[in-house]
Amino acid sequence: MMITLHYLEDSRAQRILWLLEELKLDYKLVRYRRDDATGLAPASLKKIHGLGKSPVITDDGFTLAESGAIIDYLSQRYGAATLLPARDGHDWWQYVYWLHYAEGSLMPPLLMHYVFERVKRAPMPFFIKPLVGKIVAGVNRAFLDEQIRTHLNFVADHLSCHEWINGSQFTAADIQMSFPLETAMHNPALADSFPRLRAYVNALQARPAYRKALQAGGDYRYGPTN
């Protein structure tokens, strides 16, 4: 049976589409648009998975959500020879670390920053807006800005002596790391502050399978600008 990817625009589903192209697998793409008012996934996704989020895949009658789990599943089932390191050494556990670090440590402060910026821009009475702006700025100064830069410095230091996230071999962990780093480099100030991360993201986005995924998925706000 063909793999089906339930694909929400401008979401983590982009990297699953990329992985399918890297693995040269046949797949069916079911597209979902975000709600114009809320920016959230449509309710129709709950028919596929109870949380109503994307990505979700179905493969041979099996439904799986969570991008990390999907990447692990597809890589181990279809890409062990090409996208995974050998299991008999430290490279394997480095791979496991980065696979979990992307969403477990790097993404949360980036997501919190995104949410607070949306709150700041949300419609509200004019006399409340300055107060909300001060609260958001205070949270950014006191916590989020430092956390984000700590994590980006950590990844940049690691990549200063590695071609890919797991060393000299491109692995599925690079695909998992792509989304948080793309969202970070979408901020021009961060892109200018972390040239090694910008170069790494550019290298990811230059891969032929990544470009094929863009053609299949359509507009992607965090994708390459050229």
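Is D192 buried or exposed? At 56% relative accessibility, D192 is exposed. Here exposed means over 50% relative accessible area, buried under 20%, and partly exposed in between, with a 1.4 Å probe and protein chains only.

Two words on the source. This is a predicted model, where local features need pLDDT of at least 70, side-chain atom pairs count only at pLDDT 80 or more, and totals for chains, interfaces and linings use all residues. Residues are numbered from 1 along each chain as its sequence is written, and side-chain values use heavy atoms, with hydrogens and water left out.

Now the salt bridges. I count a side-chain nitrogen of Lys or Arg within 4 Å of a carboxyl oxygen of Asp or Glu. The structure has 6 of them.

Start with D192. Its partner is R198, at 3.3 Å from N to O. R198 is partly exposed, at 35% relative accessibility.

Next, R12 and E103. Their side chains form a salt bridge at 3.0 Å, N to O. This pair links distant parts of the chain, 91 residues apart. E103 sits in helix 3. R12 sits in the loop between strand 1 (3–8) and helix 1 (13–22). For these elements, helices are DSSP runs of H or I with at least four residues, strands are runs of E with at least two, and numbering goes from the N terminus. E103 has a relative accessible area of 23%, so E103 is partly exposed. R12 is also partly exposed, with a relative accessible area of 23%. There is a network here too: salt bridges that share partners join R12, R15 and E103.

The closest N and O atoms are 2.7 Å apart. Again, distant parts of the chain are linked, 185 residues apart. R207 lies in the loop between helix 7 (195–205) and helix 8 (208–217), while E22 lies in helix 1. Which of the two is buried? E22 counts as buried, at 15% relative accessibility. R207 counts as partly exposed, at 21%.

Last, the surface. L111, Y114 and V115 make a nonpolar patch of about 240 Å². Patch residues have over 30% relative accessible area and no salt bridge; like charges are joined within 9 Å, and nonpolar side chains (Val, Leu, Ile, Met, Phe, Trp, Tyr) within 5 Å. Areas come from the Shrake-Rupley method with a 1.4 Å probe, and for residues only the protein chains shown count as cover. Y114 belongs to helix 3, residues 90–121. Y114 is partly exposed, at 36% relative accessibility.
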